[in-house]
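Subject: Structure handover

Hi,

Here is the structure I promised to pass on. Please have it open while you read my notes.

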Amino acid sequence: RSPAEVIKDAAEAAVEAVTGSAKPDVPGKPGSAKPTVEEPTTPKGPLPPSPEQGQPDTRTPTGAETGAPPTAFGQQGAFLTTAQGARLRDTDHSLKAGPRGPVLLQDHHFREKITHFDHERIPERVVHARGAGAHGVFTSYGTAANLTRAGFLKEKGKQTEVFVRFSTVLGSRGSADTVRDTRGFATKFYTDEGTFDLVGNNMPVFFIQDAIKFPDIVHAAKWHPDREIPQAQSAHDTFWDFVSLHTEAQHHTMWNMSDRGIARSYRMMEGFGVHTFRLINDAGETVLVKFHWKPKLGVHSLVWEEAQLAAGVDPDYHRRDLYDAIEAGAYPEWELGLQVFPDTPEETFAGIDLLDATKIVPEELAPVQPVGKLVLNRTPTNFHAEVEQVAFHLGNLVPGIDVTNDPLLQGRLFSYLDTQLTRLAGPNFHQIPINRPHAPVNDMLRDGFHQHAVHAGVAPYKPNSLDGGNPFPAGDAENAFVEVPVTVTEAPKVRANPVSFDDHFSQVRLFWLSMSPIEKEHIIRAYTFELGKCYHQEIRERQLRCLANIDPVLCEQVAKGLGLPAPEPTIELPQAEPSPALSQVGQQWPADGRLVGIVVDDTATDLKGVEEVRETIAAAGMVPLIIAPHGGKVGGLTVQRTFATARSIEFDALLLAASPVPAPDAVPARDEKAGAPRTAAVDPRVNMLVDECWRHAKAIGGWGPGAELLRQTGLADTPGVVVQDTAAGTLAAVQQLMASHRVWERFPATVA
Ligand code: HDD
């Protein structure tokens with residue numbers, strides 16, 4: 001065919017591709033004939049933005065709508081072009097002096113393509129490098145109207161666009177999601193009055209009280225500088241060296257060693273602003289507050305072995321979970337709440353220093369009052385543009401919210417702006433679409449690297465007469481941001497802390513005493529594991545001395561595991577009232593977005609029963625996944641996982657509709673041969689699935705041959721294992737078990 005015909009065909013195919021007429025019928029996509037439940041593993045199209053969510057990239061750096069399509073600088077039109085818009089015919093072959101000749105320097109397309117590629121990466125964040133983000137909407141309940149003049153909190157029903165980035169702290173960008181670590185929970189509220197950033201964590205306390213120690217804790221907790229190992233974990237000498245010497249870190253360390261350090265999902269984490277902030281209302285009255293995010297699904301965790309397995313089997317576990325849930329319509333939700341304290345000169349509440357970021361105020365003393373709801377309903381369109389380039393900053397405040405003198409907060413006010421200058425290459429990162437305010441901007445900042453605005457006017461200075469005096473300062477009537485005129489006491493300049501900051505153990509004991517027996521066991525095991533990974537005996541011994549000052553049982557148990565004597569406390573054990581709100585167990589929660597595996601095979605499976613439970617699971621907002629010996633179909637059922645691709649960590653509960661025998665004609669994988677099946681008649685991979693789900697305290701159910709399998713393995717009589725005659729009966733009992741998250745009764749705790 002002639003070159004013209006080839007081009008025409010290619011052009012038609014391209015046009016068809018962008019207009020969507022040739023697009024496959026995507027399950028779960030609006031307008032699709034296929035129901036979501038059919039194939040959750042098929043990649044889905046991005047959901048359209050909800051009407052209230054403006055696209056930040058349709059706005060100029062001054063916040064005005066440009067009218068440009070949302071993908072300006074993305075795909076425009078059907079044809080491949082250079083960066084300058086010239087259409088290209090071939091991007092697969094470099095320009096050579098003959099087919100076997102050297103590449104010509106003149107190949108401008110090659111040079112543009114490779115040069116750009118060479119510079120695709122930007123420096124990862126110095127901490128919190130690995131993360132995942134999503135867009136959403138915050139709706140105010142209006143209940144904070146008497147506390148703050150911030151419009152996004154004050155007006156009942158007011159909706160504000162948000163972007164949230166969750167992260168781990170220690171690992172590099174490519175590290176695993178499920179490592180034991182604190183999780184970041186950073187929220188950007190694009191309010192009408194400017195952007196407000198709440199840059200918090202899933203733990204309410206921090207390792208240090210003064211920001212000047214941040215490089216120290218990070219150097220200690222990150223990898224060893226000689227080999228850059230371990231990646232993304234605290235189980236190594238330098239971390240424990242620091243926290244055992246620097247005892248103010250003990251409280252946060254225990255949170256990390258608790259189940260909070262291995263979250264089940266970003267959707268199932270609390271968030272905390274950590275510091276105390278100051279709110280100011282229309283009348284000029286102030287209160288001190290702590291911000292809390294409360295997840296609708298409750299606070300849940302992985303078990304340690306599951307977290308370790310996931311780090312290998314699916315390092316993107318949390319990222320995938322977040323995006324799958326949003327695409328399946330199980331939108332993650334949190335309530336924003338405030339603990340409110342009177343703004344007294346002492347800045348304390350119930351004897352607790354509100355400026356000390358290593359302390360909490362128990363919810364029993366100051367209840368969390370709900371002020372609004374956050375719903376995450378849109379995944380990013382482009383990870384780099386949005387998740388990687390988003391820049392949070394504690395100084396992004398709006399009228400009605402102000403900072404306190406917490407020395408950790410004060411230092412952060414410097415660091416977050418500063419770090420972007422290198423990471424995002426210059427001072428104009430606020431013009432990057434994800435960072436653009438949705439309020440009009442009229443600053444006098446000019447020029448600099450990556451300046452995208454074309455500023456008009458000649459007088460970016462004040463006062464001026466040449467630009468008519470523009471821009472004008474706003475007054476109270478125009479809702480200007482004004483710092484609360486807090487009196488600073490006359491005092492000598494010192495490098496010192498208030499005396500109250502010296503109490504490093506009372507709240508660690510409070511946390512320990514608030515845990516249920518099973519949670520205490522997990523904490524003991526975590527300390528024993530992490531200290532067991534240290535090479536230096538003196539570090540283990542020093543950390544044991546810290547544990548002795550927290551609780552004798554904790555100290556004895558960890559010492560036993562390490563094979564060391566338990567030391568005596570060096571202080572009188574602090575008095576502490578437990579705070580039941582800190583425990584994660586003992587309640588019932590919704591199971592939205594949970595994954596239920598259903599094992600079937602080609603022989604005795606009750607396909608009608610499977611179809612029924614599949615529908616019931618989907619109707620309950622959960623995701624059913626069919627697991628079979630092979631891909632394709634079993635009866636009319638589409639298989640979503642095979643025995644080769646399924647691993648227990650993916651499922652919150654397991655249903656057995658079959659007792660699959662090992663396939664005699666299949667080529668077995670090496671490790672299948674090596675295993676020691678608990679019943680020889682069952683495929684060893686199914687045995688492993690059942691065994692792991694059982695060990696990880698998950699609900700398991702079976703009917704028909706599935707029930708028989710559970711009887712044969714001896715599991716049928718154990719807690720949390722349901723054996724019934726019908727599919728529906730089995731599922732109903734399993735659903736009930738799932739509401740408590742795990743079947744802890746399977747493992748009676750040995751610690752009181
Ligand atoms: Fe920080 C990132 C949370 C103390 C310096 N921090 C960062 C992120 C979160 C937190 C969630 C990731 C933001 C994102 O997703 O882009 N950091 C905290 C909390 C702290 C805290 C809850 C204590 C209460 N941080 C802290 C101190 C300093 C920093 C004391 C420095 C003195 N943090 C940074 C940083 C980062 C950062 C270096 C790295 C990338 C970035 O800021 O944008 O500036």
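Below are my notes on the ligand site and on one of the sheets.

First, some housekeeping. Residues are numbered from 1 along each chain as its sequence is written. The model is predicted, with local features requiring pLDDT of at least 70 and side-chain atom pairs counting only at pLDDT 80 or more, while totals for chains, interfaces and linings use all residues.

**The ligand site**

Around the ligand there are 26 residues, of which Arg 125, His 128, Arg 165, Gly 184 and Ser 415 come nearest (a residue is near if its C-beta atom, placed from the backbone, lies within 6 Å of the molecule). By class, this shell holds 14 nonpolar, 9 polar and 3 charged residues; here Ala, Val, Leu, Ile, Met, Phe, Trp, Tyr, Cys and Pro are nonpolar, Asp, Glu, Lys and Arg charged, and the others, Gly among them, polar. Helix α10 gives the most to the shell, with 6 residues, and β2, β3 (183-191), β4 (194-201) and α10 each supply at least two. Helices (H or I, at least four residues) and strands (E, at least two) are DSSP runs numbered from the N terminus.

The unreviewed UniProt entry lists Arg 125, Arg 165, Phe 214, Arg 412, Tyr 416 and Arg 423 under "binding site". UniProt positions follow the numbering used here, feature names are shortened, and annotations may be inferred rather than shown by experiment.

Two of the listed residues in more detail:

- Arg 165 sits in strand β2 (residues 159-168). Arg 165 counts as buried because it has 24 C-beta neighbours inside 10 Å (buried is 20 or more other C-beta atoms within 10 Å, exposed 12 or fewer, partly exposed in between, with C-beta atoms placed from the backbone).
- Tyr 416 belongs to helix α10 (residues 407-423) and, with 18 such neighbours inside 10 Å, is partly exposed. Beyond four places in sequence, Tyr 416 contacts Phe 392, His 393, Leu 394 and Gly 395 (contact means C-beta atoms, placed from the backbone, within 7 Å).

**The sheet**

Six strands form an open, parallel sheet in the order β17-β14-β13-β18-β19-β20 (strands pair if DSSP finds at least two bridges between them). β17 (641-642) and β20 (721-724) are at the edges with a single partner strand each, so one side of each has no neighbour in the sheet. Strands β13 (residues 595-599) and β18 (residues 653-656) pair in parallel over 4 bridges, with Val 599 opposite Leu 656 in β18.

Best wishes

Methods. Two residues are in contact if their C-beta atoms, placed from the backbone, lie within 7 Å.
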